[in-house]
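Biologist: I would like to learn how to read a few backbone and packing features. Can we take them one by one?

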Amino acid sequence: MSNYGDNNYGQENDGDTSRGIIAATAGTLRGRVAADLTDRVSSSKVMASNSQVMVSSNRVTANSIRVMVSSSQVMVSSSRATANSKGYGQQQQGYGNSPGPRPGSNMVGGSQYGGNTVGGDFSQEEVEKHQRTEKYKEWGKYAAGAAAIAGVVGATAYGVHEYRENKEEEREEKEREEKEKEREQERRRHEQEERQKQQQQQQHQQGGRHSPGHDSAYGGHQGSQGSQGQGGFRPPAPMGRPPYSFDANDVRNANPARSSDNSPTPREYPQLRQVGGDSTIKMGSIIALKHNMTGRFLHTDRSHSTESGSNQQLVFGFKWNPDENDWWQVLPANHDVPVPGSVVSFGTQIRLRHVETGRHLHSHYNYRERKSGQNEITAYGDQGHSDENDHWVIERWGDGAYGQTWGSHEVVVLRHYVSGMTLHSHELLISEDVQSVTCFGPGNEENDKWRVECQ
């Protein structure tokens, strides 16, 4: 009896020790997991607001969950092994060495310990140990779940970290591209300045007068037919006036006798649209002018005004497809009375009236476009008010082609009749989608070319 009691005491003592160790281990695990979860979940509240990060880290999270679930299975198996080694294993040894039932023992269903058992197959101690083992299993499940949650949080944090690093790399790449673009623009400006200096030197050697202001740094290019104003095509001087100097400081005033005052020119002409593939431009035709180099359309609207002091409606290059504010009507010069629908020839003085606002394409001295320093282009007047600064000579690029029919397929130059300088644009933005348009130079640059689109 004493040996049996000692063995039983030893088993119980070992069981208590095992329970203490497991309970301490589980408590420590719960404490660490809870603390870790508190820190990581607090961080994940900030991170979880970015759904894109969560989506991008789904694959990493799924893999982490698989690893953590595998770990939880190992932990549960370990818990089972621990419980068996401390409980059921010793009971099995007791069963193997136990004597037969003693007379007078309190047994239910043939148990040797006299305890109340369930079904008579296990002792009370076995049942209790079985219950403890089930608790250990449940704790193992909790630990596995906590580990899986910690894995998800960790994977999310890793995904956020990777996302931020990618964003930083994209920002640095964009900065490098912008710097490279600036260097390329600077190189182009330098090359253009050199070309312009050579051009001016050639003009000086040939005895020609030239403007002290030039279009350097604004995308101007010397065309293959750059002989205009240099021994090639020269526009004729206005009647009774000296030859054109193309100098912004050589101020020439409009002739007041050629304004709309007392003019026999009709205030309105029928608006004509091109039909059946007809490319001939006529008095009254509705056209849009597209800058050949940049592809932007000549545009004006009531929401943009000049900043030079003239306070007139600004004309500029806008989008690459025409809209309702890009259409102009071809009209005769003041005091001319051609028949509506008559063919327009190169060398003819015309006016261009903006269809939407009724104002005329206009330029003048004394007011310069702010960024380029060149004579500004505005939309001015109305049907009842127009002056000679609204007059433009239509020329074919390269040779003028005076007397030949103006076709919509031709590349043209529009020469301001009073100053002799031409309608000009360049890759200089006044603001977003507002490209500078000026009156500048003799008309020998690529940036003086315009193409016609008909409505």
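Modeller: Start with a loop. This is a predicted model. Asp 433 sits in the loop between strand 10 (422-431) and strand 11 (434-440).

Biologist: What is the phi of Asp 433?

Modeller: General idea: most residues other than glycine have a negative phi. Here, Asp 433 has a positive phi of about 60°, yet it is not a glycine.

Biologist: Is Asp 433 buried or exposed?

Modeller: Buried means under 20% relative accessible area. Asp 433 has 14%, so it counts as buried. Now take His 335, in the loop between strand 4 (328-332) and strand 5 (349-354). Its phi is also positive, near 75°. But His 335 has 30% relative accessibility, so it is partly exposed.

Biologist: Which strands does strand 7 pair with, and how do they run?

Modeller: Strand 7 covers residues 375-380. Two bridges join it to strand 3, antiparallel. Five bridges join it to strand 6, also antiparallel.

Biologist: How many residues lie between strand 6 and strand 7 in their hairpin?

Modeller: Six. Gly 373, in that turn, has a positive phi of about 75°.

Biologist: How many residues of strand 7 are buried?

Modeller: Five of its six.

Biologist: How many residues are in the largest nonpolar core?

Modeller: It has 35 residues. Val 330 and Trp 406 are among those with the most contacts inside it. Apart from that core lies another of five residues, including Phe 316 and Val 434.

Key:
Residues are numbered from 1 along each chain as its sequence is written. This is a predicted model: local features need pLDDT of at least 70, side-chain atom pairs count only at pLDDT 80 or more; totals for chains, interfaces and linings use all residues. Side-chain values use heavy atoms; hydrogens and water are left out. Helices (H or I, at least four residues) and strands (E, at least two) are DSSP runs, numbered from the N terminus. Buried means under 20% relative accessible area, exposed over 50%, partly exposed in between (1.4 Å probe, protein chains only). A nonpolar core is a set of buried Ala, Val, Leu, Ile, Met, Phe, Trp, Tyr and Cys residues joined through side-chain atoms within 4.5 Å. Two strands pair if DSSP finds at least two bridges between them.
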